[in-house]
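I opened the model to look up its helices, its charged pairs and what the record lists. The entries below are in the order I made them.

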Amino acid sequence: MEYILKILPSLLDGATMTLKVFFFTLLGSIPLGVLVAFGLRTKFKPLTFLLNIYIWLMRGTPLLLQLIFIFFGLPAIGIVFERYDAVMIAFILNYGAYFAEIFRGGLQAIPKGQIESAQVLGLSPFQTAYKIILPQVIKIILPSIGNEVINLVKDTSLMYVLGLGDLLRAGKIATNRDVTLVPLVIVGIIYLFFTAILTGLMKYLEKRFSYYK
């Protein structure tokens with residue numbers, strides 16, 4: 001216990017960075033996913049082509065490779081990012097593509113008759129999307145969103161390859177220094193704690209949106 005209390009501050013510092021990347025990734029990727037999903041429904045072919053290429057690239061290549069490419073590869077053509085900025089760009093672009101596909105599937109599940117009814121009632125496209133479509137889409141996609149959110153918690157450990165002081169890196173440093181697996185066990189417990197909270201939150205949101213049945 002004395003040893004755990006000794007290393008706990010450094011692990012909590014790493015957890016702070018993990019949570020920071022987690023929250024800002026959600027803050028950027030969910031709106032991006034919504035915009036891309038609506039963009040895919042437009043009839044402007046060049047836009048839908050580019051958006052499909054973006055989704056194909058982000059979903060077809062590992063997030064780890066994207067992190068390495070943005071931080072180590074782009075400087076070769078004169079584009080340089082700080083470590084934290086590179087992590088945020090990679091995570092937001094990657095998860096934005098996954099959220100876009102989730103939102104696209106939810107939008108396709110909404111009957112076209114509801115959109116036509118909104119037009120008859122005189123609602124603007126923005127009002128139709130905000131008041132009619134999105135509330136129903138959110139109910140449909142919540143389970144899928146929940147899975148991606150939990151995956152994001154675990155994927156934040158990939159920032160370790162860029163040398164950021166996240167939770168996993170803090171645990172790895174303590175393990176190498178003290179030659180014990182205890183820090184990594186604590187890291188695992190902290191990740192389980194985060195995912196347990198998120199799982200409970202997603203179940204709560206699913207119940208809150210159950211009145212759209």
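I started with helix α7, residues 167-178, which has 12 residues. Its first and last C-alpha atoms are 17 Å apart, close to the 16 Å expected at 1.5 Å a residue; the expected span is 1.5 Å times one less than the number of residues. Helices here are DSSP runs of H or I with at least four residues, strands are runs of E with at least two, and both are numbered from the N terminus.

I then listed the buried residues of α7: Leu 167, Ala 170, Gly 171, Ala 174 and Thr 175. They sit on the same side of α7, because they cover an arc of only 135° around the axis. That arc is taken from the directions from the helix axis to the C-beta atoms. Asn 176 and Arg 177 are exposed on the other side of α7. For these words I used under 20% relative accessible area for buried, over 50% for exposed and partly exposed in between, with a 1.4 Å probe and protein chains only.

A note on the source: this is a predicted model, in which local features need pLDDT of at least 70 and side-chain atom pairs count only at pLDDT 80 or more, while totals for chains, interfaces and linings use all residues. Residues are numbered from 1 along each chain as its sequence is written, and side-chain values use heavy atoms, with hydrogens and water left out.

Next I looked up the salt bridges, and the structure holds 3. I counted a side-chain nitrogen of Lys or Arg within 4 Å of a carboxyl oxygen of Asp or Glu.

Arg 59 and Glu 101 pair at 3.3 Å, N to O. This pair links distant parts of the chain, with Arg 59 in helix α2 and Glu 101 in helix α4 (residues 83-108), 42 residues apart. Arg 59 is partly exposed at 41% relative accessible area, whereas Glu 101 counts as buried at 19%.

Glu 101 also forms a salt bridge with Arg 104, with the closest N and O atoms 3.0 Å apart. Both residues lie in α4, 3 residues apart, about one turn of the helix. Arg 104 counts as partly exposed at 25% relative accessibility.

Asp 178 is partly exposed at 28%, and Arg 177 is exposed at 52%. Salt bridges that share partners join Arg 59, Glu 101 and Arg 104 into one network.

Which residues form a nonpolar patch on the surface? I found Phe 49, Leu 50, Ile 53, Trp 56 and Leu 57, with about 560 Å² of accessible area together. Phe 49 is in helix α2, residues 45-60, and is exposed at 54% relative accessible area.

For the protein I noted 8 helices and 0 strands. Its C-alpha trace spans about 70 × 45 × 20 Å along the principal axes, and buried residues make up 38% of the 213 residues.

Last, I checked UniProt, where an unreviewed entry gives "transmembrane region" for residues 20-40, 61-81 and 179-202. Such annotations may be inferred rather than shown by experiment. In the model, residues 61-81 are 52% helix, with end C-alpha atoms 20 Å apart. Residues 179-202 are 88% helix, with end C-alpha atoms 38 Å apart.

Technical notes. Patch = residues over 30% accessible without salt bridge, like charges linked within 9 Å, V, L, I, M, F, W, Y side chains within 5 Å. Areas by Shrake-Rupley, 256 points an atom, 1.4 Å probe, with all protein chains shown as cover.
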